Amino acid sequence: MVDVEQKQGKATPSGDLAAEYAQWQSNDRREIIPPLGFREYWYPAVLLKKVGKHPKHVKILGTDLVFFRGKDIEVACISSVCPHRGGNFQEGDCHWKGTITCPYHGWTFSETGELLAVLVEGDDSKLPHLGINARTYPTRVLKGMVFVWMGEGEPAPIEEDVPPEMFREDAHVLFHLEYWLVNWRQSVENAADAHAPYVHRNSFRTGQVAIGFSGPVGPRADAVNGRASIVRSFRGRGIQDPPTFVNFTKLGHKWPKSRWRRLWNWAFKYGVKRNAKAKPTWSVLEPAQQEEWGGSLLHLPGMVRLDQRG
Ligand code: FES
């Protein structure tokens, strides 16, 4: 129940609502989210064409990595910190294919991180026979993009973290890389929160349909194969048309304020319905889920998939 003071906006929630609010607060887990990101995932790292004769530096999750061409694998990835005395592999050399040499004392490692030679000691050196290894990271090249597994354990199937189009021969994938000076949590939250029906209500695309109402519960979160967390947005297929407007009782007004949008919606109605009937291609979802939910979703740690069908 909501009391009078609360209705007037003068009090914090009471009764059932207060209990619900307290529960919500106790469930707040934001503080345990790692500021530098979740590690047990595959991440897009660098375009294959950018990995050439020299070590290519990329920083991911606060870790400095170096990519270079492999011999038995397409692209190798190694921590930029040399296990000898911390020399920086970013300044190193790839004298022989599938190897990287530290710029400080010439320790030379294979694409799997095994120490092969110490160039300053000659072939008599015993060090290459002691089982010394540099930290390497598994990689996979798909559609010209090098993905890297940042986790400590065995890599999960990359299919769980990468859009299915990356494996389809008939899919054309375009890449655009851009650095944002923001912590990853803000950008992911922005993709998942409920600002769009208000902030973007008059953009060309969202203006084609009735104004959105996300409801008090928000999108549904779920896990794929017990690890890949996803948040799905509620959209299009099989869903009833949203209301033209909503009366807000405490406010005493309706939203949206005018009905001009209906004319605009009518003009785009045919195209919107036709697009909504197109089959989704998101194979991570079960077929039944694809029917129920559209293809838009947020897939942790940082993939946002937008369904532009309708
Ligand atoms: S620090 Fe890398 S070889 Fe010595």
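Tutor: Begin with the element names: helices (H or I, at least four residues) and strands (E, at least two) are DSSP runs, numbered from the N terminus. This is a predicted model, where local features need pLDDT of at least 70, side-chain atom pairs count only at pLDDT 80 or more, and totals for chains, interfaces and linings use all residues. Residues are numbered from 1 along each chain as its sequence is written, and side-chain values use heavy atoms, with hydrogens and water left out.

Student: Where is Leu 61, and is it buried or exposed?

Tutor: Leu 61 sits in the loop between E2 and E3. Buried means under 20% relative accessible area, exposed over 50%, partly exposed in between (1.4 Å probe, protein chains only). Leu 61 has 14%, so it is buried.

Student: What makes the phi of Leu 61 worth a remark?

Tutor: Most residues other than glycine have a negative phi. Phi of Leu 61 is near 55°, a positive value in a residue other than glycine. Lys 143 also has a phi near 55°, again positive in a residue other than glycine. Lys 143 is in the loop between E8 and E9.

Student: Why is Lys 143 called partly exposed?

Tutor: Its relative accessibility is 31%, so it falls in the partly exposed range.

Student: Which peptide bond is cis?

Tutor: The bond that joins Trp 255 and Pro 256, with omega about 0°. Most peptide bonds are trans. Pro 256 lies in the loop between strand E13 (253-255) and H5.

Student: How do you know that E3 and E4 pair?

Tutor: Count bridges. Two strands pair if DSSP finds at least two bridges between them. Five bridges join E3 to E4, and the two strands run antiparallel. One place to look is Leu 65, which stands opposite Ser 79 in E4. A hairpin of five residues links E3 to E4.

Student: Which other strands pass that test?

Tutor: Strand E6 (residues 107-110) and E7 pair in the antiparallel sense, over three bridges. Phe 109 has Leu 115 in E7 as its bridge partner. This is a hairpin too, with four residues between the strands. In its turn, Gly 113 has a positive phi of about 95°.

Student: What makes E4 mostly covered?

Tutor: Five of its five residues are buried. Both faces are covered: Val 75, Cys 77 and Ser 79 lie on one side, with Ala 76 and Ile 78 on the other. Take Ala 76: at 0% relative accessibility, it counts as buried. Ala 76 and Thr 99 are 23 residues apart in sequence, yet 9.0 Å apart in space, C-alpha to C-alpha.

Student: Why is a group of residues called a nonpolar core?

Tutor: A core is a set of buried Ala, Val, Leu, Ile, Met, Phe, Trp, Tyr and Cys residues joined through side-chain atoms within 4.5 Å. The largest here has 18 residues, and those with the most contacts inside it are Ile 60, Phe 67, Val 148 and Met 150. The elements that give two or more residues to this core are strands E1 (42-47), E2 (56-60), E3 (63-69), E4 (75-79) and E9 (145-149). E1 gives the largest share, three residues. Apart from this core lies another, of 14 residues, including Val 66 and Ala 134.

Student: How do you know that Arg 135 and Glu 152 form a salt bridge?

Tutor: A salt bridge is a side-chain nitrogen of Lys or Arg within 4 Å of a carboxyl oxygen of Asp or Glu. Their N to O distance is 3.5 Å, and the pair meets in a salt bridge. Arg 135 lies in the loop between E7 and E8 and Glu 152 in the loop between E9 and H3, so the pair ties together parts that are 17 residues apart in sequence. The structure holds one salt bridge.

Student: Are these two residues buried, partly exposed or exposed?

Tutor: Arg 135 has 30% relative accessibility, so it counts as partly exposed. Glu 152 has 59%, so it counts as exposed.

Student: Where is Ser 125, and why is it called buried?

Tutor: Ser 125 is in the loop between strand E7 (115-118) and strand E8 (139-142). Its relative accessibility is 5%, so Ser 125 counts as buried.
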